[in-house]
Amino acid sequence: MASFSTTATIIDSGPPDYGTRLRRARLGLLVALTPVLMLFVSFTSAYVVRQGLPTLDPRTATLVRDWIPVTLPKLLLINTGVLVLSSLFMELARRQVRGEAARESADSIPGVSLGGENKIPWLAMTLVLGVIFLFGQWMAWRQLAASGFYVATTPSSSFVYLLTGTHAVHLLGGVLALCSAGVASLLGLSLTRRSIVVDVTAWYWHFMAGLWVYILCLLEFAS
Amino acid sequence: MGLVLLVVIWLITFISTYFFVAKTWWLPVGASAAAAGIDQHFTTTFILMGIVFVAAQVALGYLVWSYRDRGTASKASYSHGNTTLEIVWTVLTTILFVGLNLTSSSIWASERFRAAASDSVQVEVTGMQFAWYFRYPGPDGKFGATNPELEDASAGGEAALGLDTKDPASKDDVVSGIMVVPVNREIEVILRAHDVIHSFFIPQMRFKQDAVPGLAIHMHFTPVQTGEYEILCAELCGLGHYKMHGIVRVVTPEEFDKWLAAREAEKQ
Amino acid sequence: MAGGTGGGETITMSTHESAVQAAHAHAGPQGFIRKWVFSLDHKVIGLQYYFLALVAVFVGMFLSLLMRIHLVWPTVALPLLGDIRPETYLTLVTMHGTIMVFFVLTTAPQGGFGNYFLPIQIGAPDMAFPVLNMLSFWTTFAGFIVMIAAFFVAGGAPLHGWTGYAPLSAVQSTGPGEGLGADLWIISIAIFCIGALMGALNFITTTLDMRAKGMTMMRMPLTVWAWFVTAILGLLAFGVLLSAGILLLMDRNLGTSFYVPLITVNGQLTGHKGGSPLLWQHLFWFFGHPEVYIAILPAMGLASQLLSVFSRKPIFGYKAMVYAILGIGFLGFMVWGHHMFMSGMSPYTAFAFSIMTMGIGVPSAIKTFNWLGTIWGGRIRFDSPMLFAIGFVSLFVSGGISGPFLAQPVLDIQLHDTYFVPGHFHLIMGVASIFGIFAATYYWFPKMFGRMMNESMARWHFWFSFIGTYAIFMPMHYLGMAGMPRRYSQMTEVAYLHNLIPLQKFITYAAFITIAGQLIFLVNLFWSMFKGKKAVDNPWEATTLEWTTATPPPHDNFGGHTPVVHNGPYEYGVPGAPRDYVMQSDPGIEPAH
């Protein structure tokens with residue numbers, strides 16, 4: 001016969017610790033990247049389908065293909081370099097803040113001093129490169145327009161603007177997140193909170209860099 | 001309350017089933033070669049799903065009455081399930097559903113996997129907001145070119161299609177506002193649309209296909225019963241969707257030849 | 001104070017003591033704005049979503065009433081609105097569908113009840129990201145405002161149906177309402193996508209990372225499984241809808257040709273060429289099919305819950321139910337082409353989609369068998385939540401049976417774009433899901449508001465709704481078989497449709513009566529909030545964690561103490577137990593020797 005008692009065990013819950021919060025934030029980011037990925041998967045499938053799609057010429061009632069590839073401005077390669085470098089700086093910034101957070105709890109123990117903090121402003125440098133990248137994308141758009149390829153000129157040019165534009169919007173989100181982390185640092189706000197923001201933004205940033213390389217390859221090679 | 005639920009569920013089930021079985025409102029009589037096979041499969045699906053429908057609803061009604069709380073002290077039967085039962089009904093359901101589908105797929109294949117026969121009667125069907133036009137290729141067997149820039153819907157007929165009269169193949173094309181076809185011949189329909197998606201639906205022929213701008217879709221059907229049948233647009237196409245209908249007249253081969261010859265003569 | 005979920009003291013208390021300990025209670029925010037407007041509390045946010053859906057459902061019902069009146073009396077002028085022109089009818093159709101699918105069926109079950117009860121049912125103090133949660137509600141709310149705004153701009157709301165097929169939706173000259181109204185429609189949906197994605201993020205992270213000790217995945221209530229899988233579906237599907245909407249906005253406003261081939265509208269070339277109308281359909285339905293499972297899965301989870309609670313019996317086949325939810329979610333992404341059998345898609349592709357579609361019928365059937373198995377051998381209590389759960393099962397069966405007809409392309413030839421289709425989806429998705437919302441309301445009202453709803457009014461509401469919705473939607477199957485096409489604003493132009501007008505009139509009368517019956521619910525809801533009989537903490541004698549909290553739950557749900565879970569969620573009728581139910585947090589049930 002099953003046995004029962006009449007007591008329950010209840011655990012006192014408090015606010016989650018740093019490790020839990022970091023894990024939760026990273027999980028949240030992983031989940032958040034999924035729809036971003038789906039957005040670009042969807043654009044990719046539209047791109048691939050459109051390239052191969054014949055359409056009816058009403059005059060002859062025959063199917064014709066009308067895909068004209070776009071010559072991408074060389075500037076995009078430079079922008080790629082800028083973004084990849086910014087990803088490196090971002091990673092250094094992430095480790096730097098993480099180190100600061102770890103040191104903060106150690107420094108609070110009397111008589112302990114770890115010293116030797118890295119003073120290079122990696123976060124600020126990432127931010128600068130990010131803004132340079134966005135500006136560079138804008139210049140690339142201007143170059144495309146100057147060579148006659150506007151958003152509606154050909155299906156291929158539509159996709160160039162679409163993919164680069166959507167990527168830029170998402171990167172701008174990352175830039176704003178870095179700004180908020182920078183402001184928080186200047187105001188001396190909670191280091192653990194700033195550390196989590198920088199950590200999550202860093203992974204987001206790396207994803208955006210990888211995504212950009214993918215977009216470039218798609219536009220350049222998938223013809 | 002259990003009894004009331006049983007009565008209401010059973011009544012709803014039996015009343016609904018009655019109207020299905022009595023065919024009070026039913027598929028229109030089929031008039032194409034494909035209709036017999038399609039209707040046969042419809043009946044098979046209908047009987048099998050009908051049995052499942054009635055059985056499930058009757059069981060639900062019965063169970064909620066039979067296992068109502070009668071106020072005794074005993075508990076409900078403590079069961080977390082039965083794995084064997086799960087496997088059995090999963091397998092049976094899969095066999096039913098997939099089997100039903102595979103049976104229908106041979107009809108689907110015969111209707112859609114093959115192109116029209118080489119001696120079929122060709123009719124190009126064009127949908128536009130909010131009318132259907134029908135074009136016959138004429139004695140040369142070729143459809144002439146159309147040019148969107150030449151379209152003038154208000155002038156009707158050839159102008160509505162934007163027929164390019166400079167193309168020699170256009171000269172003998174016959175454009176009609178009514179679809180006329182001979183009985184017992186395979187009809188190849190080439191579906192086009194000028195503006196938005198329309199859908200060419202002839203209920204008695206068990207025929208439906210979207211007409212998509214940017215595509216020329218080839219389909220076929222074989223009418224087996226003379227008469228006049230309504231064509232309805234079956235894809236939302238704008239404010240006139242409800243009145244975008246046409247007529248298909250199925251006539252004897254002699255009548256068809258006479259009609260077509262008369263229309264072709266007008267083109268000389 | 002040391003934090004974390006792994007440390008802390010162990011306190012032994014009596015199971016019958018309330019979980020609220022004033023000394024440890026985490027106080028909520030003060031001030032009206034922070035407490036009720038921009039609240040970070042998932043419970044308040046859940047209520048905000050619920051009341052948004054309540055407004056939306058009455059707007060949606062009103063639109064459908066106007067549709068029904070015009071369809072059978074096309075020449076009658078309505079008070080205030082006057083003559084309803086054909087394009088206005090199509091606007092009603094479009095906005096009815098859009099508002100119902102997005103702002104009711106995707107809002108109340110998930111955003112409403114999911115937000116309120118998912119954290120509590122897994123023993124968490126809140127969602128993982130409360131600020132994001134608050135933003136997700138206000139984003140959804142903004143989407144609703146933009147959608148309603150479409151009615152009031154020049155040209156009015158769009159007429160292209162909730163499915164928005166291109167080129168009808170992609171070119172501004174195809175009809176009235178296809179100008180700014182259509183742009184607002186797309187923007188509203190895009191805003192909704194973002195709100196939904198934010199919500200999905202919270203649900204998934206919370207379920208994976210914030211379950212209380214002992215709450216293993218296989219001890220989660222089926223409501224939680226349903227909300228969790230629904231969120232995953234949303235996560236994967238809404239991004240694709242967003243992408244489709246972006247391309248549509250570009251075609252409409254920037255002159256691109258993603259969806260639009262060379263066409264003329266009213267004899268005028270539009271400047272587009274080379275695009276594919278089918279691309280829109282593929283992208284839309286890749287979202288649209290998972291969307292229907294998003295609409296129904298929470299109700300399925302709740303039905304499982306309620307049938308168990310009110311039969312005083314464990315759910316029959318808990319593991320099979322979990323696999324069925326996962327199977328439906330997974331297969332739901334592989335069947336979208338069954339909306340496109342007649343679209344011009346390759347017939348070989350159609351065949352492949354059709355096999356997958358029949359396949360997805362299997363897990364749904366398994367769930368139905370298990371619901372019946374749960375009732376069998378039970379001791380059924382016919383409280384109002386149970387009435388709606390039983391009604392749900394009946395409606396789900398009816399709606400499900402018409403599925404295999406449509407899933408076979410050769411039969412879909414006849415039935416596609418006829419009334420058979422709205423008959424099918426209203427029963428299985430519309431009404432069944434709404435019954436889930438009603439059941440959830442009657443069930444969780446005592447916990448949310450501390451009072452019981454009036455049982456007598458609830459019964460009237462049930463009978464009006466159950467009989468009424470069958471009277472509305474069952475005849476649509478007959479209409480479809482007889483060849484009545486969808487989205488016809490009147491039946492005057494085609495000869496054989498005249499014979500079907502009497503049946504359509506019957507449906508319209510049934511709609512009047514059924515909608516009137518919903519007023520009983522509205523009165524009951526608001527009256528009971530203030531005057532309902534005071535509720536105890538666990539009025540239904542149910543086992544899941546929300547019934548261990550105070551009523552309504554305190555700001556952090558458990559008053560600073562997280563329960564420890566020892567049992568599964570459906571331990572009813574356990575032999576040898578002192579009562580006929582064992583709470584999830586009660587000490588473990590030892591297996592009988």
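Biologist: How many residues does the contact take from chain B and from chain A?

Modeller: Chain B puts in 9 residues and chain A 5, with contact meaning heavy atoms within 4.5 Å. Keep in mind this is a predicted model, where local features need pLDDT of at least 70, side-chain atom pairs count only at pLDDT 80 or more, and totals for chains, interfaces and linings use all residues. Residues are numbered from 1 along each chain as its sequence is written, and chains are lettered from A in the order in which they are written.

Biologist: What area is buried between chain B and chain A?

Modeller: About 600 Å², with carbon and sulfur atoms giving 54% of that. Buried area is the accessible area (1.4 Å probe) that two parts lose on being put together, summed over both. On the chain B side, P148(B), R192(B) and G214(B) lose the most area to chain A, together 50% of what that side buries.

Biologist: How many salt bridges between chain B and chain A?

Modeller: The count is 0, taking a side-chain nitrogen of Lys or Arg within 4 Å of a carboxyl oxygen of Asp or Glu.

Biologist: Switching to aromatics, how many pairs over all chains?

Modeller: 83 aromatic pairs, counting Phe, Tyr and Trp rings (six-membered for Trp) with centres within 6.5 Å; planes under 30 degrees apart are stacked, over 60 edge-to-face and the rest tilted. One of them is W162(C) with F284(C), edge-to-face at 5.2 Å centre to centre and 70° between the planes.

Biologist: Are W162(C) and F284(C) buried or exposed?

Modeller: W162(C) is buried at 11% relative accessible area, and F284(C) is buried at 2%; buried means under 20%, exposed over 50%, partly exposed in between (1.4 Å probe, protein chains only).

Technical notes: Heavy atoms only, no water.
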